[in-house]
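Subject: Structure for you to look at

Hello,

Here is the structure I promised to pass on. Please open it beside this email and follow along.

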Amino acid sequence: ACIDIGGTKIGLATSTDGYTFTKSPANPILSGDGSGFDSYSVTGGYLFYDNENWYLYYTGVTSQPVIPGKIISRATASNPNGSWTRTDDTLMVSGSNGEWDDKFISPLQIFTTDTGLVMYYWGSDEWYPYVIKCQIGMATSIDGGLTWQKWDDPATTSPPYAESDPVLKAGPESFDIFSIFGAGIVRDSGQWEMYYAGFSSSTEGAI
């Protein structure tokens, strides 16, 4: 008998000039393996290089629907072409019921700082068919990415911000009052800049 692991998979494409990309013959480089939290699909792959190792941070789900999962884990490789070894470690989990990120979390970007690693991620406490209500969170690691601590504002102690807090919330501007997602973050002369997409209602911005 065979197992239909289906769902979303992560592929790799390479380029020498940034214009013409060739898909890797090893694709998909990571997919659901029929067991564990990512048995059906893997999504949200973010590639990160640190201490001569490549890391692919991702989320997974056990069954349909294919949306970002509730657990962030990572796979490792000596080069981005693989082969990739999944660790099945639970590096970070979504919030408890009623928290702002209780439906899913997914990695966006990771930076190296003087005190360790910083991960930006998006999370949601609501799921509509093909439309996601999201905000942007942040977590830090001081042990090379083995464990992560979500940012928590001590001034907010009640759900949906009892356990952690977004670093960028939806609204109050009209264009992003429903959801923000897909952020890209850069550091420029000591300043952090975040560029993000937003939409104003559940009838817009299908993902």
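Start at isoleucine 136. Setting aside neighbours within four places in sequence, isoleucine 136 is in contact (heavy atoms within 4.5 Å) with Trp100, Leu108, Tyr121, Trp122, Pro166, Val167, Leu168, Ile180, Phe181, Ala183 and Met194. Before you read on, note that this is a predicted model: local features need pLDDT of at least 70, side-chain atom pairs count only at pLDDT 80 or more, and totals for chains, interfaces and linings use all residues. Residues are numbered from 1 along each chain as its sequence is written, and side-chain values use heavy atoms, with hydrogens and water left out.

Ile136 belongs to the largest nonpolar core, which has 17 residues. Such a core is a set of buried Ala, Val, Leu, Ile, Met, Phe, Trp, Tyr and Cys residues joined through side-chain atoms within 4.5 Å. Buried means under 20% relative accessible area, exposed over 50%, and partly exposed in between, with a 1.4 Å probe and protein chains only. Phe104, Tyr120, Trp122 and Cys134 are also among the residues with the most contacts inside this core. Strands S8 (104-113), S9 (116-128), S10 (131-141) and S12 (179-188) each give two or more residues to it. Another core, of 16 residues, lies apart from it and includes Leu91, Trp100, Ile110 and Ala139. In soluble globular proteins, nonpolar side chains tend to be buried together.

Now the whole chain. It has zero helices and 13 strands. Both are DSSP runs, numbered from the N terminus: helices are H or I, at least four residues, and strands are E, at least two. Buried residues make up 42% of the 207 residues. The C-alpha trace spans about 45 × 45 × 35 Å along its principal axes.

Next, some backbone details. Most residues other than glycine have a negative phi, and most peptide bonds are trans. Asparagine 27 and proline 28 are joined by a cis peptide bond, with omega about -5°. Proline 28 is in the loop between S2 and S3. The bond from proline 159 to proline 160 is also cis, with omega near 10°. Proline 160 sits in the loop between strand S11 (149-150) and S12.

Then look at the loop between S3 and S4 (53-61), where asparagine 51 lies. Phi of asparagine 51 is near 55°, a positive value. Glutamate 52 is in that loop too, with phi near 65°. Asparagine 51 is exposed, at 62% relative accessible area. Glutamate 52 is exposed as well, at 65%.

Best wishes
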